[in-house]
Amino acid sequence: MKTNFNKLLLAIGLIFVIAFNQAGAQTVKWDSTYRPGKYVEQVAKFRADVKSKKDYIFLGNSITAGTDWAKLLGLPQAKNRGISGDITFGVLERLQDVIDGKPSKIFILIGINDVSRNIPDSVILGNYKKIIERIRKGSKKTHIYFNTLLPVNASFEKFKNHYGKDDHILWLNSEIRKLKAKKVTVIDLYPQFLDKDNHLRAELTKDGLHLIPGGYKVWADFLNAGGYLK
């Protein structure tokens with residue numbers, strides 16, 4: 001009887017250890033302190049740039065950084081504030097310099113690198129709201145435009161950490177659309193870049209994540225057609 005009881009206790013103990021280890025294995029680590037290699041250099045460059053209350057600021061990561069916005073849109077006041085590899089925490093860290101310029105408009109596209117680095121969706125959304133609140137507080141006349149995240153295309157097999165996370169993109173985009181309640185203008189880019197399989201259109205990208213000139217033309221045409229640049 002005692003032997004059976006001991007075996008039962010041992011079995012329960014093993015089940016507990018296995019469950020605990022599995023729970024630990026499912027805990028995904030993430031880092032809010034990550035900054036791209038050229039982050040400091042780029043921030044210093046942005047800080048040194050002449051600022052105007054007429055500026056249109058395009059704020060984000062490499063997808064934003066990948067074009068000359070002034071040339072693309074025919075607007076000299078369009079300023080590129082994209083940093084390749086940046087995450088929402090990086091944007092928050094450098095946001096004050098943007099706010100200090102009191103720009104006319106700020107166009108924000110950020111978050112896909114957060115998703116790739118396993119930063120929880122709720123944390124990313126919280127950072128979106130912090131970005132909005134800080135702009136509202138520091139530059140009351142600035143119009144805030146928040147873009148939905150673009151889809152990705154795993155067939156290119158280059159940015160594997162960004163692939164297989166479509167549910168996160170969809171959830172964040174659904175929450176971005178709700179930011180209208182905060183008197184933020186939402187620019188729903190996501191549907192404009194989808195193919196029939198709900199992936200980033202292959203003809204608009206070079207690697208399944210970043211856009212080629214044709215992709216930026218789609219973006220620019222959508223901004224113009226929507227009246228977002230007036």
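Biologist: Where is H162 found in this predicted model?
Modeller: H162 sits in the loop between β4 (143–147) and α8 (166–177).

Biologist: Why does H162 count as buried?
Modeller: Its relative accessibility is 8%. Buried means under 20%, so H162 counts as buried. Leaving aside neighbours within four places in sequence, H162 is in contact with I112, N113, S116, V152 and L209.

Biologist: Why is α5 called roughly parallel to α7?
Modeller: Helix α5 (residues 88–100) and helix α7 (residues 121–138) pack at an angle of about 5°. Angles under 35 degrees count as roughly parallel, so α5 is roughly parallel to α7. Their axes are 10 Å apart.

Biologist: Which residues of α5 and α7 make the contact?
Modeller: From α5, they include F89, L92 and L95. From α7, they include I124, Y128 and I131. By class, the contact has 10 nonpolar, 4 polar and 2 charged residues.

Biologist: What does Y128 touch beyond its neighbours within four places in sequence?
Modeller: Y128 is in contact with T88, I110, G111, F146, L149, L172 and I176. Y128 also belongs to the largest nonpolar core, which has 57 residues. F107, I108, Y128, W219 and L223 touch the most other members of that core.

Biologist: What makes D97 and K51 a salt bridge?
Modeller: Their side chains meet at 3.2 Å, N to O. The cut-off is within 4 Å, so the pair qualifies. D97 is in helix α5, and K51 is in the loop between α2 (39–48) and β1 (56–60), 46 residues apart.

Biologist: Are D97 and K51 buried or partly exposed, and why?
Modeller: D97 has 15% relative accessibility, so it counts as buried. K51 has 31%, so K51 counts as partly exposed.

Biologist: How do you know that K217 and D221 are separated by about one helical turn?
Modeller: They are 4 residues apart in helix α9 (residues 213–225), which means about one helical turn. K217 forms a salt bridge with D221, with the closest N and O atoms 2.8 Å apart.

Biologist: What is the phi of K183?
Modeller: Phi of K183 is near 60°, a positive value in a residue other than glycine. Most residues other than glycine have a negative phi. K183 is found in the loop between α8 and β5 (185–187).

Biologist: Why does K183 count as exposed?
Modeller: Exposed means over 50% relative accessible area. K183 has 73% relative accessibility, so K183 counts as exposed.

Note on methods
Residues are numbered from 1 along each chain as its sequence is written. This is a predicted model: local features need pLDDT of at least 70, side-chain atom pairs count only at pLDDT 80 or more; totals for chains, interfaces and linings use all residues. Side-chain values use heavy atoms; hydrogens and water are left out. Axes are lines fitted to C-alpha atoms, for helices over the stretch in contact, and angles run from 0 to 180 degrees between N-to-C directions. Helices (H or I, at least four residues) and strands (E, at least two) are DSSP runs, numbered from the N terminus. Angles under 35 degrees count as roughly parallel, over 145 as roughly antiparallel, 65 to 115 as roughly perpendicular and the rest as oblique. Contact means heavy atoms within 4.5 Å. Ala, Val, Leu, Ile, Met, Phe, Trp, Tyr, Cys and Pro count as nonpolar, Asp, Glu, Lys and Arg as charged, and the others, Gly among them, as polar. A nonpolar core is a set of buried Ala, Val, Leu, Ile, Met, Phe, Trp, Tyr and Cys residues joined through side-chain atoms within 4.5 Å. Buried means under 20% relative accessible area, exposed over 50%, partly exposed in between (1.4 Å probe, protein chains only).
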